[in-house]
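Here is a friendly briefing to read alongside the model. Please keep the sequence and the 3D view open as you go.

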Amino acid sequence: MLFRSEYLLFDEKKPSEIIHFEIFNLIKKHNLNLSSMHVFISSGPGSYTGMRLSEGLAQVLELSKVPVYSFYHFDVPRICGIESGFWVTNAFKGQVFIYSWKGDLLEKQLVDKDSFTIENPENGYTLDVENSAFSGLKSTKEFIRDHASRLFSKMADKKLRETPYYFRSLEEEFR
């Protein structure tokens with residue numbers, strides 16, 4: 001499978017305001033046919049609105065028979081063969097989400113932001129490199145950009161399609 005990737009990051013606007021316009025621009029810019037594409041999306045973790053936006057788009061594409069693959073941001077280094085490490089991000093509501101792995105041993109947890117410390121930053125990754133609490137950690141956004149072909153090839157081979165991952169159950173999130 002031939003991969004063409006373009007990494008765009010839009011922090012200045014809500015994704016719901018620009019996603020359709022940006023997809024249209026990418027398809028036009030590269031003279032692509034949507035029906036011949038394979039689409040890769042992150043299934044989280046993320047905000048409820050962001051996750052619903054990307055999952056809704058993925059489901060519409062699947063109805064149109066476009067192959068869709070999805071992954072968790074926290075799992076990117078492990079998918080690419082990193083044997084052990086951890087991934088952290090702000091989980092809002094005064095908490096931090098931590099995902100750690102060593103071989104097949106995986107652990108996910110939410111901890112209070114005030115009790116969170118990083119002991120070995122060289123083994124860590126995050127989505128929030130601009131957050132001073134996560135200084136010294138590698139960015140999975142950059143990891144995806146730098147290893148897109150390898151990552152997407154592995155996801156396509158495994159036909160990886162993860163369900164949206166929220167930090168908390170919907171009952172906890174919206175009480």
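The notes below go from the overall fold to the sheet and then to single residues.

This is a predicted model, in which local features need pLDDT of at least 70 and side-chain atom pairs count only at pLDDT 80 or more, while totals for chains, interfaces and linings use all residues. Residues are numbered from 1 along each chain as its sequence is written, and side-chain values use heavy atoms, with hydrogens and water left out.

**Overall fold and size**

- The protein has six helices and seven strands; these are DSSP runs, numbered from the N terminus, with helices being H or I of at least four residues and strands E of at least two.
- Along the sequence, the elements come in the pattern α-β-α-β-α-β-β-β-β-β-α-α-α.
- Taken along the principal axes, the C-alpha atoms fill a box of roughly 50 × 35 × 25 Å.

**Burial, contacts and charge**

- Of the 175 residues, 37% are buried (buried means under 20% relative accessible area, exposed over 50% and partly exposed in between, with a 1.4 Å probe and protein chains only).
- The accessible surface comes to about 10800 Å², and carbon and sulfur atoms account for 52% of that surface; the areas come from the Shrake-Rupley method with a 1.4 Å probe, and for residues only the protein chains shown count as cover.
- Among contacts between residues at least 6 apart in sequence, 61% join residues at least 24 apart, where contact means heavy atoms within 4.5 Å.
- The mean positions of the 22 positive and 24 negative charges are 6 Å apart. Lys and Arg count as positive and Asp and Glu as negative, without His and the chain ends, and each charge is placed at NZ of Lys, CZ of Arg, CG of Asp or CD of Glu.

- Five strands form an open sheet with mixed pairing, in the order β5-β4-β3-β6-β7; two strands pair if DSSP finds at least two bridges between them.
- β5 and β7 (138-139) are at the edges with a single partner strand each, so one side of each has no neighbour in the sheet.
- Strands β4 (residues 95-102) and β5 (residues 105-112) pair in the antiparallel sense over eight bridges.
- Leu-105 is found in strand β5 and counts as exposed because its relative accessibility is 63%.
- Between the C-alpha atoms of Leu-105 and Phe-174 there are 31 Å in space, with 69 residues separating them in sequence.

**Backbone details worth a look**

- The peptide bond from Gly-44 to Pro-45 is cis, with omega near 0°, and Pro-45 lies in the loop between β1 (39-42) and α2 (48-63).
- Asn-31 has a positive phi near 50° although Asn-31 is not a glycine. This residue lies in the loop between α1 (15-29) and β1, and Asn-31 counts as exposed at 71% relative accessibility.
- Phe-92, another residue other than glycine, has a positive phi near 65°. Phe-92 lies in strand β3 (residues 84-92) and is partly exposed, at 47% relative accessibility.
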